[in-house]
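This briefing is meant to be read beside the sequence and the coordinates.

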Amino acid sequence: MGVLLTTLEFLASLLLIFLLGFVSVTVLEAYRRRHTNAHVEAPAMFEDPESLKQVPCPDIVDPAEKYLSLIIPAYNEEYRLPGTLNETMNYLQQRAANDKSFSYEVVIVDDGSKDGTKRVAFDFVKKYGVDNVRVILLGKNHGKGEAIRKGMLHSRGELLLMLDADGATKVTDLEKLENQIHAIVRKDYHPGDSAAGEATFRISDIPIVAFGSRAHLEEKALATRKWYRNFLMKGFHLVVLLAAGPGIRDTQCGFKMFTRSAARKLFTNIRLKRWCFDVEIVFLCKWFGIPMLEISVNWSEIPGSKVNPLSIPNMLWELALMSVGYRTRIWKINS
């Protein structure tokens, strides 16, 4: 019995040491990131591939110059990116031809790719012009969250859409999100109340976020996925619920639309760099009181996903980091 107690005490001591170490590391990392995005070194850069000259880089605090910006993060997407860009540009060009007031840009953020992603992206810049397609080079891999943050902060749209490079959601579904944002604005904001208000009103001034969602596909997915993937998914959803609270069923769908005002508030505060930045968006939306819409979109499983079982520890680490950073007020939120 004495040996058993000694063993249990030893294991308990190891567990306590591990927990204290984990908490200490988490607090130290949260403190390191206390100044918003000071942990990220890569400057934004636009380059005209024809002239090789630097193009002035816009800022999210500047007034919008386009109606719609599409931000596509890309890491080693040499083979999947062309199909997505072709579909996207065909849609945008056709819409622009039918509506002369419609203006757009596509911002591709190369997150330190080691394959031909940069070449593919610049081929589209050459084809469509640097005013319509732009490329930001991060130099080294920072993570999807940082790639999207960088693209959002240097886009020109009144509405800003993030979408994945694999084209899992059809670009035409952006109209579902767009229409719901316009519906909320028409319902809750009345620019016609005064002549001055109508003259200066822009949808970019009203903070709203529309989340594309695959929640309506969950029942079918549960029936076809392996049991351990369902177990991991349910566990992750529980952790997300504890970290950010209820409100959005599918935080991880890579198809989200922001008004410029919402993007300015959110992406000047985002600190998570990889997979869990979506959860931080939900947390910050609640903090700022930004309306969140969850809208069903079409979605297809595309081979080549970057998410794998080894991503789970990183996700849990980021969620722990976010909880410690905000709940201890180490992370200050800029309004």
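The points below are grouped by topic and describe a predicted model.

**The chain as a whole**
- The protein chain has 11 helices and 9 strands, and buried residues make up 48% of its 335 residues.
- Of the contacts between residues at least 6 apart in sequence, 82% join residues at least 24 apart.

**Helices H2 and H3**
- The axes of helix H2, residues 81-98, and helix H3, residues 117-128, come within 10 Å and cross at roughly 20°; because angles under 35 degrees count as roughly parallel, H2 is roughly parallel to H3.
- The crossing in which H2 passes H3 is right-handed.
- On the H2 side the contact is made by Leu81, Pro82, Leu85, Asn86, Met89 and Gln93, and on the H3 side by Thr117, Val120, Phe124 and Tyr128.
- Sorted by class, the contact of H2 with H3 has 7 nonpolar residues, 3 polar residues and no charged residues.

**Tyrosine 128**
- Tyrosine 128 lies in helix H3 and counts as buried because its relative accessibility is 14%, where the cut-off for buried is under 20%.
- Leaving aside neighbours within four places in sequence, tyrosine 128 is in contact with Met89, Gln93 and Val133; Met89 and Gln93 are also among the H2 residues that make the contact with H3.
- Tyrosine 128 and glutamine 93 are 35 residues apart in sequence, and their C-alpha atoms are 10.0 Å apart in space.

Definitions and conventions: Residues are numbered from 1 along each chain as its sequence is written. This is a predicted model: local features need pLDDT of at least 70, side-chain atom pairs count only at pLDDT 80 or more; totals for chains, interfaces and linings use all residues. Side-chain values use heavy atoms; hydrogens and water are left out. Axes are lines fitted to C-alpha atoms, for helices over the stretch in contact, and angles run from 0 to 180 degrees between N-to-C directions. Helices (H or I, at least four residues) and strands (E, at least two) are DSSP runs, numbered from the N terminus. Angles under 35 degrees count as roughly parallel, over 145 as roughly antiparallel, 65 to 115 as roughly perpendicular and the rest as oblique. A crossing is left-handed if the near helix is turned anticlockwise from the far one by less than a right angle, and right-handed if clockwise. Contact means heavy atoms within 4.5 Å. Ala, Val, Leu, Ile, Met, Phe, Trp, Tyr, Cys and Pro count as nonpolar, Asp, Glu, Lys and Arg as charged, and the others, Gly among them, as polar. Buried means under 20% relative accessible area, exposed over 50%, partly exposed in between (1.4 Å probe, protein chains only).
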